[in-house]
Amino acid sequence: MALEIIESCVNCWACLPLCPSRAIHEARPPQFPHFLIDADKCTECVGDFADPQCVAICPIEGAIVDELGVAMNPPGSLTGIPPERWAAAQAEIAAR
Ligand code: SF4
Ligand code: SF4
């Protein structure tokens, strides 16, 4: 039971001090270009908080995923922009 930080992490440092398990490690480029979660230490905050604290503070959609690789903050959850509208805008920009 552990979450994972993936490459879309922007190394903002917001999550690191909030982890009750000291499971989050800072980025150390080039070996570790983004923050990481130690799977052996992450408890998903069970017993400490109602919600995973890293997920609650992370400003980047999709940067933290569960064990199945599912985004904890899925597309549109933080920006309020529906994914299909975002895709349409990207397609429009690409077509210019
Ligand atoms: S879910 Fe909780 S314990 Fe796991 S890395 Fe995030 S803040 Fe730490
Ligand atoms: S809060 Fe999100 S973007 Fe910031 S360091 Fe943590 S995982 Fe990366």
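Ala, Val, Leu, Ile, Met, Phe, Trp, Tyr, Cys and Pro are counted here as nonpolar, Asp, Glu, Lys and Arg as charged, and the others, Gly among them, as polar.

1. Basis. This is a predicted model, in which local features need pLDDT of at least 70 and side-chain atom pairs count only at pLDDT 80 or more, while totals for chains, interfaces and linings use all residues. Residues are numbered from 1 along each chain as its sequence is written, with chains lettered from A and ligands numbered from 1 in the order in which they are written.

2. Overall layout. The chain contains 2 helices and 4 strands, and the order from the N terminus is β-β-β-α-β-α. Both kinds of element are DSSP runs numbered from the N terminus: helices are H or I with at least four residues, strands are E with at least two. The C-alpha trace spans about 45 × 35 × 25 Å along its principal axes.

3. Of the 96 residues in the chain, 19% are buried. A residue is called buried if 20 or more other C-beta atoms lie within 10 Å of its own, exposed if 12 or fewer, and partly exposed in between, with C-beta atoms placed from the backbone. Two residues are in contact if their C-beta atoms, placed from the backbone, lie within 7 Å. Among contacts between residues at least 6 apart in sequence, 48% join residues at least 24 apart.

4. Ligand 1. There are 15 residues around ligand 1, and Cys 19, Cys 42, Cys 45, Pro 52 and Cys 54 come nearest. A residue is near a molecule or strand if its C-beta atom, placed from the backbone, lies within 6 Å of it. By class, this shell holds 11 nonpolar, 3 polar and 1 charged residues.

5. Ligand 2. The shell of ligand 2 also has its residues listed by distance: of 15 around it, Cys 9, Cys 12, Ala 14, Cys 15 and Cys 58 come nearest. Its division is 14 nonpolar, 1 polar and no charged.

6. Nonpolar core. The largest nonpolar core has 14 residues, of which Leu 3, Cys 15, Ile 24, Ile 37, Cys 54 and Ile 64 touch the most other members. Such a core is a set of buried Ala, Val, Leu, Ile, Met, Phe, Trp, Tyr and Cys residues joined through C-beta atoms within 7 Å. Apart from neighbours within four places in sequence, Ile 24 is in contact with Cys 15, Leu 16, Cys 19, Phe 35, Ile 37 and Cys 54.

7. Cys 54. This residue belongs to helix H1 and counts as buried because it has 24 C-beta neighbours inside 10 Å. Residues up to four places away aside, Cys 54 touches Leu 3, Cys 15, Leu 18, Cys 19, Ile 24 and Ile 64. Its C-alpha atom is separated by 20 Å from that of Gly 80, 26 residues apart along the chain.

8. Backbone geometry to check. Most residues other than glycine have a negative phi, and most peptide bonds are trans. Trp 13, in the loop between strand S1 (4–5) and S2, has a phi near 75°; with 11 other C-beta atoms within 10 Å, Trp 13 is exposed. Cys 45 has a positive phi of about 70° and lies in the loop between S3 and helix H1 (53–57). Cys 45 counts as buried, with 20 C-beta neighbours inside 10 Å. A cis peptide bond with omega about 5° joins Pro 29 and Pro 30, and Pro 30 sits in the loop between strand S2 (24–25) and strand S3 (36–37).

9. Gly 62. The loop between H1 and strand S4 (64–65) holds Gly 62, which is partly exposed, with 18 other C-beta atoms within 10 Å. Not counting residues up to four places away in sequence, Gly 62 touches Ser 8, Ala 71, Asn 73, Pro 74 and Pro 75. The C-alpha atoms of Gly 62 and Phe 49, 13 residues apart along the chain, are separated by 21 Å.

10. Helix H2. Residues 83–94 form H2, whose 12 residues reach 16 Å from first C-alpha to last, close to the 16 Å expected at 1.5 Å a residue; the expected span is 1.5 Å times one less than the number of residues. The number of its 12 residues that are buried is 0, so H2 lies largely in the open. Pro 83 is in this helix and counts as partly exposed, with 13 C-beta neighbours inside 10 Å. Beyond four places in sequence, Pro 83 is in contact with Pro 75 and Gly 76.
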